[in-house]
Amino acid sequence: VLSEYRCYGIRRFAIRTPIYKLIHQQPADREVFIKHVKHTKLLPSVSFDRDTFLLYHLGNDPFEKENIWYDEGKNQGLKLLKALKKLMISDRQAEHVKDLDPELVEELKSLGYVQ
């Protein structure tokens, strides 16, 4: 499973296997973040100056409380990161879809999927 989040200057990517979940956050755009969120204290996990990595062993830690990236999991994390980068197309723009139902568009906006 591959996931991508790009909003408010935050860029997070995740890849999940049956055993592991890796979250890679690139440095956030401070100007965009402050414009929308206002205060960095509201989202303390956001970094503006470095990449951050969270790796969870889902079998041992199903609630994702213990980041094992810096412990025994870094080798597995690097394998997942390589797979994540291979799957991602950097800064790819979504295709423009025509003739969408206006109600669907509003629902997607309310859920944060489109702007």
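**Entry 1: Asp-71**

I began with Asp-71, which sits in the loop between S4 and H2. Here helices (H or I, at least four residues) and strands (E, at least two) are DSSP runs, numbered from the N terminus. For my own reference, buried means under 20% relative accessible area, exposed means over 50%, and partly exposed lies in between, with a 1.4 Å probe and protein chains only. I also checked a distance: Asp-71 and Leu-55 are 16 residues apart in sequence, and their C-alpha atoms are 9.7 Å apart in space.

**Entry 2: What I am looking at**

This is a predicted model, in which local features need pLDDT of at least 70, side-chain atom pairs count only at pLDDT 80 or more, and totals for chains, interfaces and linings use all residues. Residues are numbered from 1 along each chain as its sequence is written, and side-chain values use heavy atoms, with hydrogens and water left out.

I noted 3 helices and 4 strands in the chain. Along the sequence they follow the pattern β-β-β-α-β-α-α. The chain has 115 residues, and 27% of them are buried. It exposes about 9000 Å², of which carbon and sulfur atoms supply 52%; such areas come from the Shrake-Rupley method with a 1.4 Å probe, and for residues only the protein chains shown count as cover.

I then looked at contacts, meaning heavy atoms within 4.5 Å. Of those with a separation of 6 or more, 44% join residues 24 or more positions apart.

**Entry 3: The sheet**

In what order do the strands of the open sheet stand? I read S1-S2-S3-S4, with antiparallel pairing. Strand S1 (2-7) and strand S4 (52-57) are at the edges with a single partner strand each, so one side of each has no neighbour in the sheet. Neighbouring strands are turned by 10° against each other on average, direction ignored. As a reminder to myself, strands of a sheet pair through backbone hydrogen bonds. Two strands count as paired if DSSP finds at least two bridges between them.

I went through the pairs in turn:

- S1 and strand S2 (residues 10-16) run antiparallel and are joined by 6 bridges; Leu-2 stands opposite Ile-15 in S2.
- S2 and S3 pair in the antiparallel sense over 6 bridges, and they form a hairpin with 3 residues between them. Phe-13 has His-24 in S3 as its bridge partner.
- S3 and S4 are antiparallel too, joined by 6 bridges, and Lys-21 has Tyr-56 in S4 as its bridge partner.

Why is S3 largely enclosed by the rest of the structure? I found that 5 of its 7 residues are buried, so S3 is largely enclosed.

**Entry 4: The cores**

I looked for nonpolar cores, that is, sets of buried Ala, Val, Leu, Ile, Met, Phe, Trp, Tyr and Cys residues joined through side-chain atoms within 4.5 Å. The largest has 11 residues, including Phe-13, Ile-15, Leu-55 and Trp-69. S2, S3, S4 and H2 each supply at least two residues of this core. H2 gives the most, with 3 residues. Apart from this core lies another of 6 residues, among them Ile-10, Ala-28, Val-37 and Phe-48.

**Entry 5: Salt bridges**

How many salt bridges does the structure hold? I found 2, where a salt bridge is a side-chain nitrogen of Lys or Arg within 4 Å of a carboxyl oxygen of Asp or Glu.

One joins Glu-4 and Arg-6, with the closest N and O atoms 2.4 Å apart. Glu-4 is partly exposed at 47% relative accessibility, and Arg-6 is partly exposed at 35%.

In the other, the side chains of Glu-64 and Lys-21 meet at 3.2 Å, N to O. This pair links distant parts of the chain, with Glu-64 in the loop between S4 and H2 and Lys-21 in strand S3, 43 residues apart. Glu-64 is partly exposed, at 27% relative accessibility.

**Entry 6: Positive phi**

Last, I checked the backbone. Most residues other than glycine have a negative phi. Glu-64 came up again here, with a positive phi near 55°. I also noted Lys-38, whose phi is positive and near 85°; Lys-38 is in the loop between helix H1 (30-37) and S4.

Conventions:
Axes fitted to C-alpha atoms, helices over the stretch in contact; angles between N-to-C directions.
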